[in-house]
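Work through the exercises below with the sequence and the structure in view. Each task is followed by a solution in steps.

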Amino acid sequence: MDQKIIFLTILGMALVTYIPRLLPVWLLSSRSLPPLVIAWLRYVPVAVLAAMLVPTLMIQDERVYVGLDNLFLWATIPTLLVAWKTKSFFSSVVAGMACVAIARYIFGI
Amino acid sequence: MLRDIVSSFNKDRCLAGVVRAFPIVLGYVPVGFAYGVLAQKAGISTLNTILMSLLVYAGASQLIAVGLIATHSPPHSIILTTLVVNLRHLIMSSAIAPFLKRWRKLELGTFAYQLTDETFAIHSTQFPEEMPSKAEIFATNVTAQTAWVAGGWLGVAAGQLITDVRALALDYALPAMFTVLLALQLKTYVQGIVVLLTGLLSVVLLRAGIDQWNVIVATLLGATFGIIIEQWTKKSSS
């Protein structure tokens, strides 16, 4: 793709990313929200992460696949364990990546 | 605003903000690195790769965009995907807004620009405990974005040396980051149920052909389901 078109695409991405970040703090920072809305908002961070994550773990080559050689799916277990044990963002990400890299090396997947 | 920040400038305060960003820095450098390598492989120029980190500054959508550029997707579908993926910031921004009372528009504008999943995770944990000074908050945000840009730049620089991203599991950096953020945020089991339901719903929607919208639709339904279970268990226990 032409770099000029990529640059224009980036500008478009920047705009559609900034507006949803900006509008709520601009409009809502001076008023209080109903308690039910606030309770609902508390579920959003985990729901968003799950909605983005789970498809990358369960879908391979455009179909649902949960076989033993689906490394991303199974790497979730050590990644979660390290995260809960260490509470460290960095160690856990690196540990998860190391598991995938080592499994690929050993099994040649 | 600049004068305010400069006059309220206090080295110790800023340092505390920088230190608070450390866990993010440690996460952003490797993920940013993966982004840089993949962007380079997708044929995006160094300048554009860095500009995307400076202007868009959203990890997940940058990695998705790189994938779409590599497969020559049209710009409008890349921008639409970015919009949908980043609509979640609407909800994060709403959740953080009550803590930013009496901030000026320009300060809010600067804060919003650097609101990511990770800075949101840090701030939404910190703000209810003790509200840091503005200088401290901006120090955290600037440190985080600097790490993101630097990681991307390192990835571009190393990209020519790395022929196989799979061997280093760089393609797993993003799923790993999401998994860890989830693990660190899970506190109750209603949340656990929400995670499972939302995740599976997202898969089902995707397989049903509703790509691009699956994240936002699954999130809205999943969070709503969470609040229903919460209200229901409250009522049945009281």
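**Exercise 1.** Classify how helix 2 of chain B and helix 10 of chain B lie to each other.

Solution. Helix 2 of chain B and helix 10 of chain B are oblique to each other, because angles under 35 degrees count as roughly parallel, over 145 as roughly antiparallel, 65 to 115 as roughly perpendicular and the rest as oblique.

Step 1. Helix 2 covers residues 11-20 of chain B and helix 10 covers residues 134-159 of chain B; they pack at an angle of about 40 degrees, with axes 7 Å apart. Helices (H or I, at least four residues) and strands (E, at least two) are DSSP runs, numbered from the N terminus. Axes are lines fitted to C-alpha atoms, for helices over the stretch in contact, and angles run from 0 to 180 degrees between N-to-C directions.

Step 2. The contact is made on one side by Arg13(B), Cys14(B), Ala16(B), Gly17(B), Val18(B) and Arg20(B) of helix 2 of chain B, and on the other by Ala135(B), Glu136(B), Ile137(B), Ala139(B), Thr140(B) and Thr143(B) of helix 10 of chain B. Two residues are in contact if their C-beta atoms, placed from the backbone, lie within 7 Å.

Step 3. Sorted by class, the residues of this contact are six nonpolar, three polar and three charged. Here Ala, Val, Leu, Ile, Met, Phe, Trp, Tyr, Cys and Pro count as nonpolar, Asp, Glu, Lys and Arg as charged, and the others, Gly among them, as polar.

**A note on the model.** This is a predicted model, in which local features need pLDDT of at least 70, side-chain atom pairs count only at pLDDT 80 or more, and totals for chains, interfaces and linings use all residues. Residues are numbered from 1 along each chain as its sequence is written, while chains are lettered from A and ligands numbered from 1 in the order in which they are written.

**Exercise 2.** State the confidence of the prediction for chain B and for the complex.

Solution. Step 1. The average pLDDT (the predictor's confidence in each residue, from 0 to 100) of chain B is 88, and 95% of the residues score at least 70.

Step 2. Within chain B, confidence is lowest in helix 1 (residues 2-7), at a mean of 56, and highest in helix 4 (residues 46-55), at 97.

Step 3. For the complex, the predictor gives an ipTM of 0.85 and a pTM of 0.74.

**Exercise 3.** Which domains does chain B have, and how many residues join them in contact?

Solution. Step 1. Chain B is divided into domain 1 (2-185) and domain 2 (188-238); domain bounds come from an automatic or database domain assignment. Their C-alpha centres lie 25 Å apart.

Step 2. Seven residues of domain 1 of chain B touch six residues of domain 2 of chain B. Helix 6 (residues 75-86) of chain B gives the most to the domain 1 side, with four residues.

**Exercise 4.** Describe the contact between the chains, then one helix pair within it.

Solution. Step 1. The contact takes 64 residues from chain A and 84 residues from chain B. Helix 1 of chain A supplies the largest share of the chain A side, 20 residues. That side divides into 49 nonpolar, twelve polar and three charged residues.

Step 2. Helix 1 of chain A packs with helix 7 (residues 88-96) of chain B at an angle of about 30 degrees, with axes 7 Å apart. Helix 1 of chain A is therefore roughly parallel to helix 7 of chain B.

Step 3. Pro20(A), Arg21(A), Pro24(A), Val25(A) and Leu28(A) in helix 1 of chain A meet His89(B), Leu90(B), Ser93(B), Ser94(B) and Ile96(B) in helix 7 of chain B.
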